[in-house]
Amino acid sequence: MLYGYKFDGEFSPQDGHYFDPSRIVLDPYAKAVIRRGEFGALGSDGNCWPQMACMIPSIDDKFDWEGDLPLKYPQKDLIIYEMHVRGFTRHESSGIEFPGTYIGAVEKLDHLKELGINCIELMPCHEFNELEYHSYNAIQGDYKVNFWGYSTVNYFSPMIRYSSVGTRNCGRDAVNELKLFIKEAHKRGIEVIMDVVFNHTAEGNENGPILSFRGADNSAYYMIAPKGEFYNYSGCGNTFNCNHPIVRQFIVDCLRYWVTEMHVDGFRFDLASIMTRSSSLWNAVNVYGSPIEGDFLTIGTPLGSPPLIDMISNDPILHGVKLIAEAWDTGGLYQVGAFPHWGIWSEWNGKYRDTVRQFIKGTDGFSGALAECLCGSPNLYQKGGRKPWNSINFICAHDGFTLADLVTYNNKHNLANGEDNNDGESHNNSWNCGQSL
């Protein structure tokens, strides 16, 4: 069964309201989103944003987990592989039947096992629109796509175009194929962590589309400035209002769903520092929803004990899974070594990445800093009861240079995608190793 919502109310963007009873919007809690079935292909009417409804799962639609249970590895033992579901097997060299899909990734799990990987960190698998910036790229002779997927349309729904069968069976196949991937990973002794993007959504700024949250209650779900503009700590046009009572309950409900129903082992939170910023209702209600008098905090102020992080950390289900923060945002809030952690959160250690890169390329004065990195960054993680394994150590990830680029280029060369080399990280601490590039 397919359904959607219409919300009646005031349409006054200057006051932060986008209610429009003529528009069907997605249920934020939908378990699947039925949209285009083929990755990178326009809708039948040439639309990049075909607004479809959602599914109600059949009560008879059961998945056989075969007794699957969480592996619960000690975090100090994790060797994490960051995986993009489509990119992992899309090339013909993968030699598999369903390249670029959840099923295709299952076929390559034995390869990761042979490499010694015991944890996969899936780049965004929530429903997103890869054609949101659809435009012609004259350099490549094709059309641009949002490949990474850090632009969520719906947080409860797996990306349907990573399924081998698209929209068939109203999206249930996409749900079950992702479940199969997780179950098969567990059989091989590999945990699965999801990269989640609760700092912004695909609805963008005041000129963006009305898809779901904006049409349901824009002023609750987003950080809104006094004249209706969107605060933009994410760098993507809007900021999810994470510490609003409604929104933080939504996030906790979502995380619990992915743990209990989809059996994921934990989460990596993109631009997690946004989740520590005060809500746009913070000057009106306290943590428990009761009114308080006067201006308490400016919108977006960093909180020492953010209600959302508190709720996640003390939730009976979530406090037992891996919780990893990308402890910064584009608004200048950098919290590596200082993210509110309740003794259980870990952090992507960006300082480790930068130190190792500087040392490898021979920059003077980094020997001592490298020694600290090899000792578990005690300068960052010996305080507050945390341990060396609360540092997620990495040298390359999806942001910035790949490992090959790191030793090939002094400067970025993002020319083929038609962005005039303006996109991507410019500060890469790279070295071309004497090559004329």
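This is a predicted model: local features need pLDDT of at least 70, side-chain atom pairs count only at pLDDT 80 or more; totals for chains, interfaces and linings use all residues.
Trainee: Which residue forms a salt bridge with Glu419?
Mentor: Glu419 sits in the segment after α11 (403-406), and its partner sits in the loop between β9 and β10, 275 residues apart. The closest N and O atoms of the pair are 3.2 Å apart. The partner of Glu419 is Lys144.

Trainee: Are Glu419 and Lys144 buried, exposed or partly exposed?
Mentor: Buried means under 20% relative accessible area and exposed means over 50%, with partly exposed in between. Glu419 has a relative accessible area of 32%. Lys144 has 21% relative accessibility. Glu419 therefore counts as partly exposed, and Lys144 also counts as partly exposed.

Trainee: What separates Lys187 and Glu184 in helix α4?
Mentor: Lys187 forms a salt bridge with Glu184, with the closest N and O atoms 3.2 Å apart. Both residues belong to helix α4 (residues 172-187), where they are 3 residues apart. Because of that spacing, what separates them is about one helical turn.

Trainee: Is Glu184 buried or exposed?
Mentor: The cut-off for buried is under 20% relative accessible area. Glu184 has 14% relative accessibility, so Glu184 counts as buried.

Trainee: Which residues are linked with Glu184 and Lys187 in a network of salt bridges?
Mentor: The pair Lys187 and Glu184 is joined by a salt bridge, and both residues belong to a network.

Trainee: Where is Glu66 found, and what is its phi?
Mentor: Glu66 is found in the loop between β4 (54-55) and β5. Glu66 is not a glycine, although its phi is positive. The value is about 55°.

Trainee: How many residues apart in sequence are the parts tied together by Asp315 and Arg256?
Mentor: Asp315 forms a salt bridge with Arg256, the closest N and O atoms being 2.7 Å apart. Asp315 lies in the loop between α7 (307-314) and β13 (322-325), while Arg256 lies in helix α6 (residues 245-260), so the pair ties together parts of the chain at a sequence separation of 59 residues.

Trainee: Which element gives the largest share of the lining of the second largest pocket?
Mentor: The second largest pocket has a volume of about 300 Å³. Of its 17 lining residues, the closest to its centre are Leu78, Ile80, Ile392, Asn393 and Phe394. The largest share, 3 residues, comes from β5.

Trainee: How do the residues of that lining divide into nonpolar, polar and charged?
Mentor: The lining of the second largest pocket has 17 residues. They divide into 3 charged, 3 polar and 11 nonpolar.

Trainee: Which residues make the nonpolar surface patch of about 240 Å²?
Mentor: One of them, Phe147, lies in the loop between β9 (142-143) and β10 (152-158). Residues of a patch need over 30% relative accessible area, and Phe147 is partly exposed at 31%. The patch is made by Phe147 together with Val145 and Trp148.

Trainee: Is Leu271 buried or exposed?
Mentor: Leu271 lies in the loop between β12 (266-269) and α7. Leu271 has a positive phi of about 45° although it is not a glycine. With a relative accessible area of 10%, Leu271 is buried.

Trainee: What distance separates the C-alpha atoms of Leu69 and His186?
Mentor: Leu69 has its place in the loop between β4 and β5, and Leu69 is exposed, with a relative accessible area of 61%. Along the chain, Leu69 and His186 are 117 residues apart. Their C-alpha atoms are separated by 8.1 Å.

Notes: Residues are numbered from 1 along each chain as its sequence is written. Side-chain values use heavy atoms; hydrogens and water are left out. Patches are made of residues with over 30% relative accessible area and no salt bridge: like charges are joined within 9 Å, nonpolar side chains (Val, Leu, Ile, Met, Phe, Trp, Tyr) within 5 Å. Accessible areas come from the Shrake-Rupley method with a 1.4 Å probe; for residues, only the protein chains shown count as cover. A salt bridge is a side-chain nitrogen of Lys or Arg within 4 Å of a carboxyl oxygen of Asp or Glu. Helices (H or I, at least four residues) and strands (E, at least two) are DSSP runs, numbered from the N terminus. Buried means under 20% relative accessible area, exposed over 50%, partly exposed in between (1.4 Å probe, protein chains only). On a 1 Å grid over the protein atoms alone, a cavity is a set of points where a 1.4 Å probe fits but cannot get out, and a pocket is an open set with protein on both sides within 12 Å along at least five of seven lines; lining residues have an atom within 4 Å of a point. Grid points are joined across faces, edges and corners, and a volume is the space filled by probe spheres set on the points. Ala, Val, Leu, Ile, Met, Phe, Trp, Tyr, Cys and Pro count as nonpolar, Asp, Glu, Lys and Arg as charged, and the others, Gly among them, as polar.
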